[in-house]
Protein chains: 2
Amino acid sequence: MPRRIVIIGAHAAGVDAASAARKTDRTAEITLITDEKHPGYSRCGLPFVIGGHISSFSNLIVFPPAYFQMMKINLRTETKATAINTQNKTVDLQRKDGGSETIPYDSLIIATGASPFMPPIKGKEKQGIYSLRTLGDGEAIDQAVKNGAKTALVMGAGLIGLETAIGLQERGLQVTVVEMLPQVLPQMLDADMAKAIQEMLEQKGINIVVGKAVEEIVGAEKATGVVAGGQQYNADLVVSAFGVRANTQLAQNAGIALGDTKAIKTNARMETSIKDIYAVGDCAESVHIVTQKPALMQFGTVAVRHGKVAGINAAGGYALFTGVLGSSISRLYDTDVGSTGLTEGAAQRARIETITGTITSKTKADYYPGALPIKVKLVVEKESQKIIGAQIIGGEEVTQRINAISFAIQKQMTARELAKADTAYAPPVCETWEPLVLAAEMVLMKLR
Amino acid sequence: MPRRIVIIGAHAAGVDAASAARKTDRTAEITLITDEKHPGYSRCGLPFVIGGHISSFSNLIVFPPAYFQMMKINLRTETKATAINTQNKTVDLQRKDGGSETIPYDSLIIATGASPFMPPIKGKEKQGIYSLRTLGDGEAIDQAVKNGAKTALVMGAGLIGLETAIGLQERGLQVTVVEMLPQVLPQMLDADMAKAIQEMLEQKGINIVVGKAVEEIVGAEKATGVVAGGQQYNADLVVSAFGVRANTQLAQNAGIALGDTKAIKTNARMETSIKDIYAVGDCAESVHIVTQKPALMQFGTVAVRHGKVAGINAAGGYALFTGVLGSSISRLYDTDVGSTGLTEGAAQRARIETITGTITSKTKADYYPGALPIKVKLVVEKESQKIIGAQIIGGEEVTQRINAISFAIQKQMTARELAKADTAYAPPVCETWEPLVLAAEMVLMKLR
């Protein structure tokens with residue numbers, strides 16, 4: 001009898017799990033379940049459709065139905081998994097037509113993702129509070145703009161909040177972002193680096209209010225603004241970008257253990273506390289490569305890596321997940337901002353003593369036309385001098401510098417080794433002394 | 001008495017040596033000698049001035065006279081070092097005015113660079129054969145273009161050859177490049193990768209002739225073309241780009257030992273075979289990080305790193321040079337081409353067995369407008385599965401991918417570790433699955 005693999009959730013983690021399972025076991029019966037109409041679209045692209053960089057939401061559907069046919073994956077859209085029976089090894093499903101059924105599994109992969117989080121704010125039940133998680137969310141915001149919204153208020157200055165704010169501003173709206181913490185991008189950046197991003201956004205005309213919690217969402221039935229720090233901000237469009245929380249209810253109901261981060265606890269094979277059940281993507285915990293402690297990194301790259309490992313294991317193969325560093329990147333207008341490993345603040349909270357090195361340089365030779373500024377902050381563990389984090393803001397070529405430092409962290413490179421590293425140079429693409437190397441040199445100067 | 005440091009040669013290696021020496025010993029007497037009129041200009045920028053991307057050759061002078069004044073470096077331009085007396089510890093100088101003098105040193109740094117190499121070809125003594133090494137060379141080519149040259153023939157398809165060919169084509173000339181070896185960029189790329197570059201250049205209208213040695217340079221007194229592979233190619237402008245050879249005569253005359261590469265032999269402190277004499281830059285040998293054998297890498301980045309180490313040591317400090325990988329990059333039209341570590345061919349010659357992985361991907365999410373193609377070839381040592389080289393051709397963000405792999409090689413990352421690496425993702429700047437990771441995955445598939 002062929003192995004029956006059931007996967008709940010059909011985005012980055014779920015689809016990659018299904019694909020990896022198929023490549024591992026060509027005869028398995030693979031069922032992929034999603035309560036959405038469209039599987040396998042790119043959430044990360046949503047703000048860029050709103051901003052008009054991508055012409056249509058449908059462009060984001062990276063896995064069309066033909067893909068699932070080709071991979072012989074039994075795709076069940078608009079179907080909700082309502083319960084997992086770990087004794088009988090079955091999943092209860094509710095179909096769109098109202099009918100229900102129960103399907104058996106040999107291996108089960110939970111990829112239930114995460115949902116926008118709304119803190120207990122007065123007025124949070126009002127209508128017309130938008131979030132940006134699904135294609136439908138994106139279409140709703142797009143429609144509100146088309147209906148004539150002129151002003152927007154975004155609650156939360158994380159990546160999604162800022163990307164959405166920019167998308168709306170690019171569509172001509174006056175945008176205000178309110179953030180409870182005293183800086184933008186608090187998970188990615190330390191305050192010194194975040195300041196540069198905040199100033200850039202303000203220069204572009206976005207109103208940034210930091211250090212003020214949203215106390216109330218105002219409006220009759222429909223949200224028409226917020227009160228934050230005692231001041232009222234009115235807006236035609238109110239967007240909630242407080243972040244997301246792992247969808248764990250289905251797993252919890254089945255007795256599957258959660259971890260310290262309140263996401264589903266997993267081991268290196270992405271197995272949960274219950275045999276033959278795996279968890280992947282935004283609902284699943286990982287181990288942080290630097291701290292070696294549980295970490296929840298809800299990024300697309302982590303999701304696909306989780307999915308691949310779980311898919312191989314669920315299909316009878318053997319694969320390990322090696323941990324997360326939280327490497328992340330975004331392009332805000334023409335500025336790339338990226339981060340990997342621990343910020344100075346996160347290191348402090350983990351009681352790791354650090355030395356940092358921060359430098360400003362250019363992305364091309366000084367004399368080459370079009371050279372753009374780039375700023376690098378390197379975070380180094382004080383005793384071992386090992387690199388444990390980096391934050392980079394620049395006009396180009398930030399992403400791969402983040403990846404370079406991610407590799408360095410994973411291979412325990414020291415600041416001295418980085419300061420001595422062999423790097424490439426040509427006037428149109430970089431400076432003779434690579435900014436990463438200069439940042440390492442700054443660290444060494446402080447260590448002397 | 002202050003320490004007397006004499007440095008012969010005032011480009012990347014010499015100037016960085018002088019600067020590092022000054023930072024190490026604030027009271028040293030530092031003398032920097034060059035037979036050129038301008039010290040400290042960027043040779044790497046020359047082709048881009050010819051192409052019109054940089055408005056003037058003088059823009060390339062990155063270290064103006066004020067720099068040397070500020071650093072209290074005694075700069076002697078248009079002054080030739082004619083002999084080193086290692087017994088008395090003196091250097092003989094010949095001034096522009098014809099006069100000569102002898103100056104003493106406590107530490108001597110040889111940064112005599114390299115000179116264009118001309119093989120023993122019939123007609124090589126003819127006038128009007130241009131090379132591109134100095135500001136004067138660049139100005140001469142520029143003048144020839146201004147004087148109405150319509151066609152150019154470039155001998156040699158290395159980086160300088162191709163960059164110069166492109167610069168001339170951008171100025172409107174019909175350009176032919178002749179290369180003895182069967183591919184372009186033979187030091188950077190394997191034949192399979194070089195093919196893509198050759199096709200791109202041909203599409204842009206450059207005539208590439210590979211696998212044909214130049215047999216004769218023709219013309220009455222002035223070169224007016226070449227014969228290669230029995231065929232004559234006429235041109236208004238004949239450019240020699242056969243590569244450069246280390247300038248070692250001064251060192252050899254002083255009894256300083258050369259290494260296997262025929263450049264000046266050095267140890268990790270950049271010391272030569274004679275006490276208190278250092279060698280740096282294009283005239284000095286290094287150790288290759290992968291092969292651990294002598295290697296001559298004549299790049300600006302190596303030169304500045306050499307210079308820094310020698311400058312610190314010559315001034316009484318302590319610094320080690322950790323070796324070279326040959327990381328290099330160029331932008332040819334809108335295509336970036338980069339390389340680090342060993343090519344498959346170089347590995348074969350070093351009797352290292354390899355597995356390679358080559359993939360083609362995009363520089364942005366597939367659905368994001370403006371995504372450009374990128375091709376990665378990864379070279380892995382077969383038994384240890386350690387990464388030992390990479391070649392990348394792509395529309396953007398190639399440089400830092402080269403640096404990322406350089407770091408990976410230096411920290412002995414395996415293909416498996418790279419395939420599992422934590423990377424950053426956002427639709428405008430990269431794909432979910434990083435091309436470097438996919439190339440590593442290709443290697444693993446072959447290893448299974």
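A polar contact is a pair of N or O atoms within 3.5 Å; within protein, one atom must be able to donate a hydrogen and the other to accept it. The model shown in these views is predicted.

**View 1. Side-chain contact between Ser330(B) and Glu163(B).** The side chains of Ser330(B) and Glu163(B) form a polar contact at 2.4 Å. Along the chain these residues lie 167 residues apart, while 8.2 Å separates their C-alpha atoms.

**View 2. Domain arrangement in chain A.** Chain A is assigned domain 1 (4-43 + 57-115 + 245-314), domain 2 (129-242) and domain 3 (335-447). Taken over C-alpha atoms, the centres of domain 1 and domain 3 of chain A are 36 Å apart.

**View 3. Contact between domain 1 and domain 3 of chain A.** Here four residues of domain 1 of chain A meet seven residues of domain 3 of chain A. The two domains bury about 400 Å² between them, with 85% of this area on carbon and sulfur atoms. Ile289(A), Val290(A) and Thr291(A) provide 77% of the area buried by domain 1 of chain A against domain 3 of chain A, more than any other three residues. Between these domains there are zero salt bridges and zero residue pairs in polar contact with both at pLDDT 80 or more. On the side of domain 1 of chain A that touches domain 3 of chain A, two residues are nonpolar, two are polar and none is charged.

Definitions and conventions. Residues numbered from 1 in each chain as written. Chains lettered and ligands numbered in written order. Predicted model: local features only at pLDDT ≥ 70, side-chain atom pairs only at ≥ 80, totals over all residues. Heavy atoms only, no water. Domains from an automatic or database assignment. Contact = heavy atoms within 4.5 Å. Buried area = accessible area lost by both parts, 1.4 Å probe. Salt bridge = Lys/Arg side-chain N within 4 Å of Asp/Glu carboxyl O. Nonpolar A, V, L, I, M, F, W, Y, C, P; charged D, E, K, R; others polar.
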